[in-house]
Amino acid sequence: MFVTLAGVLAIIGSLAGGYYFAMRPVTLRIAVGPANSDDIKVVQALTQAFNQTHGYVRLHPIQTDGSATSSQVLADGKADLAIIRGDLEVPKNAQAVATLRKNVAVLWVPPPAKGKGKKAGPKITKIAQLSGRRIGVLGRTQANVNLLKVILQQYGVDPNKVEIFQFPAADAADAIRNQKADAYLAAGPVNSKITADAINASTRDGGTPTFLAIDSNEAIATNHPVYEAAEIPARAFGGSPDKPDDDVKTISFSHHIVARKGLSEATIAAFTRQLFAVRQQLMAEYPLAAKIETPDTDKDAVIPVHPGAAAFVDGEEKTFLDRYSDFIWWGLMGLSAMGSAGAWFAGYLKKDERNNNSSLRERLLEMLARARRSDSIDELDQMQSEADDILRDTLHCFEDGAIREGALTAFNIALDQFHHAVADRRALLTSVPQNLQRAGAQFRATGTL
């Protein structure tokens, strides 16, 4: 009973230990940058939310110089997650988990400056008219310059015949007011404050900026799958008058949360579930959290989806028993096999003890036969003493488990018969005179009286 109880407790302990090990919090390193960006703020908010809700997944942000650096950190295996820009080179070991936001390209021309001695150049209303012009690009990332070149090439404008210069987002207003360029490009969410401030800085002398529509957005999306056709809705950038006053065609690209290939499906499914569970509570402080979307689960997606994220999106997320039922079953089978093997090994170790006990039982049966023929009380006493020793050894074997209860019962029957034989023989020898006993013994020994 105690052995069975110990086995049951051992199994329960193993299952409890396995459950604790499987469900203990997991910390994922997430690469994000640059400093003071919206991406950093959102990740920091997610980190705090995950800690407050005591979720299965916790986050450890790794700050980088930008999306390109984050991609490299993930490719080198120094991070588990990363926020990357979809129109940059995607690491081969990256799989999509969620779409953090979609950025649109905004291309506009400030109104001409008014003043004495200033001659306004030809008005720019189409992208094809940008050849030979100066174009300012908000942000220091080369990706925005590459985006501009893709747009220009689609309209037959040689990028080498365009003067492109970049300036930090913080310097955008001053650069625009000082007429550093003829046109400007910004890339960010539709509700981006940086883009809105830059466009509002273009409003001067009662004039409003002219938005250049990317009418060939479908063609660009076809030729460059990392981009999508999109529209900037009217009045997206506010102000008076409305900017823009009508919908403007453009292209967009996504910022993705990607996971390193090979990460546990259950871990990424839990992360995705937690991400969308806390999204609502983050929206009040970080409106960009409202832009978080599920990843594209199509097989021809630009970034293949992680199986864990796909399981969450498709409603096929596995429970604890689904994930570990095979391990539990094989574990029970293994424990059973180990128990059987242990029992056989224990029996094998007690093989000599069982064989010795069998020989002792045979010896007891021989003594039983001798006791019925014995003519000496001293010999009976000697056999009785030997029977006591056999009894002691047999009880030790039973306590050690070398013999079973059935074998002990058979031994008791033989021992009882031996005691009866000794008692009967002793009574007979006691009633016969000593001289007749000696004569009988001599006759049996020599055949003469």
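These legends walk through several close-up views of one predicted model.

Residues are numbered from 1 along each chain as its sequence is written, and side-chain values use heavy atoms, with hydrogens and water left out. Because the model is predicted, local features need pLDDT of at least 70 and side-chain atom pairs count only at pLDDT 80 or more, while totals for chains, interfaces and linings use all residues.

**View 1. The largest nonpolar core.** Let's begin with the core, a set of buried Ala, Val, Leu, Ile, Met, Phe, Trp, Tyr and Cys residues joined through side-chain atoms within 4.5 Å. Here, buried means under 20% relative accessible area, exposed means over 50%, and partly exposed is in between (1.4 Å probe, protein chains only). The largest core has 34 residues, and Leu 59, Leu 81, Ile 257, Ile 268, Phe 271 and Leu 275 touch the most other members. Among the elements that each supply at least two of its residues are strand 1 (26–32), helix 2 (38–52), strand 10 (248–260) and helix 8 (265–282). Helices (H or I, at least four residues) and strands (E, at least two) are DSSP runs, numbered from the N terminus. Look for Leu 275: beyond its neighbours within four places in sequence, this residue is in contact with Leu 46, Phe 50, Ala 98, Ile 257 and Ile 292. Contact means heavy atoms within 4.5 Å. A second, separate core holds 23 residues, including Ala 105, Val 137, Val 150 and Leu 152.

**View 2. The largest pocket.** On a 1 Å grid over the protein atoms alone, a pocket is an open set of points with protein on both sides within 12 Å along at least five of seven lines, whereas a cavity is a set of points where a 1.4 Å probe fits but cannot get out; lining residues have an atom within 4 Å of a point. The largest pocket holds about 780 Å³ of space. Grid points are joined across faces, edges and corners, and a volume is the space filled by probe spheres set on the points. Of the 34 lining residues, Pro 34, Ser 37, Gly 139, Thr 141 and Asn 144 lie nearest the pocket's centre. Helix 2, helix 3 (67–75), strand 4, strand 7 (183–188), helix 6 (193–201) and strand 10 each give two or more residues to this lining. Sorted by class, the lining has 13 nonpolar, 14 polar and 7 charged residues. In this sorting, Ala, Val, Leu, Ile, Met, Phe, Trp, Tyr, Cys and Pro count as nonpolar, Asp, Glu, Lys and Arg as charged, and the others, Gly among them, as polar.

**View 3. Asn 144 and Val 145 in helix 4.** Val 145 belongs to helix 4 (residues 142–154), and Asn 144 has its place in helix 4 too. Asn 144 counts as buried because its relative accessible area is 5%. Its side chain makes a polar contact with the side chain of Arg 85, at 2.8 Å. A polar contact is a pair of N or O atoms within 3.5 Å; within protein, one must be able to donate a hydrogen and the other to accept it, and residues adjacent in sequence count only if both atoms are side-chain atoms. Val 145 is also buried, with a relative accessible area of 6%. Leaving out residues up to four places away in sequence, Val 145 touches Val 137, Ile 164 and Gln 166.

**View 4. The loop between strand 1 and helix 2.** Pro 34 sits in this loop, and a cis peptide bond, with omega about 0 degrees, joins Gly 33 and Pro 34. Asn 36 is in the loop between strand 1 and helix 2 as well. Its phi is near 65 degrees, a positive value in a residue other than glycine. Asn 36 counts as exposed because its relative accessibility is 70%.

**View 5. The largest cavity.** A search of the whole structure finds 1 cavity of 30 Å³ or more. Its lining includes Ala 105, Phe 211, Ile 232 and Lys 249, and the lining residues divide into 8 nonpolar, 1 polar and 1 charged.
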